[in-house]
Amino acid sequence: MGLYFVAKRFGVFLVIVWLAATLNFFLPRLSGDDPVANKLMEQASLGGYAQAGIAEMVKVYNQHFGLDKPLLTQYLNYVGNVAHGDLNYSIANYPRTVVDMIAEALPWTVGLLGMTTLVSFALGTFLGALLAWPGAPRWLQWFMPPLWALHAIPFFLLGLVLMWLLAFQFQILPIFGGHSPGAKVGLTVGFVLDVLRHAVLPSLSIVLVSVGGWALAMRGMMVTTMGEDYVTFAEAKGLRSLTIFMRYCMRNAILPQTTALALALGQILSGAVLVEVIFGYPGIGALLFQAIQENDFFVIQGVVFTVIVGLGFATFLLDILYPWLDPRITYRRS
Amino acid sequence: MRRYLARNVSLVVGIVLLGLLTVFMVVGAFTVDTSNAQALSVPALQPPSWEYPFGTDRQGRDLLAVMVAGTPLTLRIGFIAGFFGVGVGAVLAFVAAYYGGWVDTIIRGIADIGLTVPGLLVLIIIAVSLKGTLTVTQMALIVASLSWLNPTRTIRSQVLTLRQRGFVEIARLNGMSGPEIIFFELMPNLLPYLAATLVAAVSNAILASVGLEVLGLGPVESPTIGMTLYWVNFNAAIINGWWWWWLAPLVVILIVFLGLFFLTVGLDEIANPRLRRAV
């Protein structure tokens with residue numbers, strides 16, 4: 001694999017980061033609102049009386065945050081800060097920094113999404129391959145219609161149903177949060193089990209929905225692959241059918257699946273945000289929801305930026321791994 | 001016709017589901033007083049009864065009225081954004097795939113990069129920036145701003161395969177211009193495919209709009225399905241056992257998504273007969 005290819009892909013990744021930062025900077029400013037003035041007015045109205053000198057306070061704060069400088073200077077400052085990993089302070093939870101809050105939430109989301117995506121991808125791909133395989137047990141076909149139907153609905157909708165069924169009706173799983181309130185955070189067996197128990201419902205709602213999609217796509221690819229000449233040849237050679245299934249059919253059919261995975265990451269994440277909100281799971285999604293409720297603009301920006309960068313990086317990794325999965329692709333400059 | 005429909009079950013299921021929904025909307029519009037979809041118009045938290053078949057919510061909305069008023073709003077957002085997406089996407093895709101070269105590189109580059117970005121988050125930034133009360137149409141336009149990415153990509157790849165065919169070559173030798181070939185030779189051949197893409201785009205747009213609404217970023221004044229779910233979450237209706245509050249919007253969304261999904265699969269089957277072997 002050429003260094004040229006890696007560099008090119010990394011360039012695309014950098015473009016994504018820059019675009020995300022730029023959008024983050026300019027979109028909010030299009031509305032012409034003054035976030036500092038808004039926040040101060042809001043606080044004043046909470047107090048119930050209009051404080052004298054709000055205009056001066058706005059001015060001081062704007063100076064403090066550098067919001068009085070020309071737009072271009074602000075933009076360059078912003079990009080510089082972002083490059084240093086400085087995403088400003090939270091307005092609602094001052095003096096906590098946005099980076100702090102995101103760092104706290106990120107492991108939850110990465111854990112939840114990493115696990116569910118891997119599990120549903122592996123499970124769905126294998127199931128899809130079996131569904132296309134003539135030698136597979138017939139009863140597997142019965143999984144198809146429900147998986148299809150589940151695949152069409154949003155994660156969080158299934159989440160609502162599961163929550164009602166398993167947490168409210170039968171009360172076998174916790175209904176809310178990432179761990180029991182007041183649990184001692186640490187690497188103890190009890191805490192880990194507690195966290196896992198809380199992760200079951202959100203994970204289940206993501207996995208059950210995604211499996212169908214992967215299975216459907218894989219089944220289609222398998223049908224095409226099984227019609228290829230090299231499969232007929234392998235059969236003619238008298239290879240064991242397990243070998244044909246795994247090494248000839250699945251190995252080839254899985255390639256487009258990986259490309260699809262890279263493309264689906266964004267959609268999976270969008271869906272997972274809502275799942276976190278529904279279950280009050282303490283990840284990025286819930287943080288975002290809380291920030292929207294509190295009008296905490298910098299946190300919203302920070303979360304969106306972090307997620308776009310994170311996903312861009314994941315896509316970059318998958319792109320680099322692709323030639324390793326498919327040796328036919330060498331990405332040499334032609 | 002009938003024999004074909006018997007084979008293309010997905011198409012029938014999709015049409016039936018969406019037909020049921022249409023009947024519900026039309027009959028509802030004539031028989032249900034939609035002013036009860038506003039808060040404080042009926043007694044709060046009534047379970048389903050003869051008077052309120054879908055029950056009422058905590059702020060005193062009649063959920064049947066909310067569904068009758070909200071379903072068309074939700075669909076409208078989906079249709080505006082979906083049509084916009086496929087319209088813009090198709091034009092870009094045809095131009096990119098037919099002309100190739102640097103035009104193609106730019107259009108494909110933008111679509112590819114745009115697709116790796118989680119759409120909902122960009123929409124959140126836009127919606128938050130526009131804060132203030134959104135109307136349903138504004139909401140649709142926000143969703144539309146990203147809805148052309150996917151159609152552009154998928155239609156482009158279809159045009160690429162079509163462009164190689166002999167009849168395009170002959171049209172070119174006959175002296176047809178680029179736009180003429182696109183409109184009279186390529187477009188008609190892709191119509192079923194465009195239809196399937198449209199349905200998928202509508203479904204994605206509804207998904208995005210419901211997502212924004214559940215986060216509380218929708219048109220707060222309008223009783224859309226997503227807003228209803230926002231209130232469900234806000235009031236913790238599930239923990240409190242007010243099952244009817246979430247059951248109605250859940251069933252409506254389920255019918256919308258399942259209907260659109262099966263319609264897409266059915267149209268795909270028409271557009272792409274090679275799939276017949278697989279399904």
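**Entry 1: helix 6 of chain B**

I began with the buried residues of helix 6 of chain B, which pack against helix 3 (63-99), helix 4 (101-116), helix 5 (119-129), helix 7 (149-163) and helix 9 (178-214) of chain B. I took a residue as buried if 20 or more other C-beta atoms lie within 10 Å of its own, as exposed if 12 or fewer do, and as partly exposed in between, with C-beta atoms placed from the backbone. Contact requires that the C-beta atoms of two residues, placed from the backbone, lie within 7 Å. The model is predicted: local features need pLDDT of at least 70 and side-chain atom pairs count only at pLDDT 80 or more, while totals for chains, interfaces and linings use all residues. Residues are numbered from 1 along each chain as its sequence is written, and chains are lettered from A and ligands numbered from 1 in the order in which they are written.

I listed the buried residues of helix 6 as B:M139, B:A140, B:I142, B:V143, B:A144, B:L146 and B:S147.

**Entry 2: chain B as a whole**

I found eleven helices and zero strands in chain B; helices (H or I, at least four residues) and strands (E, at least two) are DSSP runs, numbered from the N terminus. Of the 279 residues in chain B, 49% are buried. I also noted that the C-alpha atoms of chain B fill a box of roughly 75 × 50 × 30 Å along the principal axes.

**Entry 3: the two chains together**

I looked up the interface: 41 residues of chain A are in contact with 35 residues of chain B. The chain A side divides into 32 nonpolar, eight polar and one charged. Here Ala, Val, Leu, Ile, Met, Phe, Trp, Tyr, Cys and Pro count as nonpolar, Asp, Glu, Lys and Arg as charged, and the others, Gly among them, as polar.

Of its 172 residues, A:I300, A:V303, B:L123, B:I124 and B:V143 touch the most other members. Helix 3 of chain B gives the largest share of this core, 20 residues. Leaving out residues up to four places away in sequence, A:I300 touches A:L288, A:A291, A:I292, B:I124, B:I125 and B:V128.

**Entry 4: two loop residues**

B:L40 is in the loop between helix 2 (9-31) and helix 3 of chain B, and counts as exposed because it has 8 C-beta neighbours inside 10 Å.

I also checked B:A236, another residue that is not a glycine, with a positive phi of about 50 degrees. B:A236 lies in the loop between helix 10 (225-234) and helix 11 (243-271) of chain B.

Technical notes: A nonpolar core is a set of buried Ala, Val, Leu, Ile, Met, Phe, Trp, Tyr and Cys residues joined through C-beta atoms within 7 Å.
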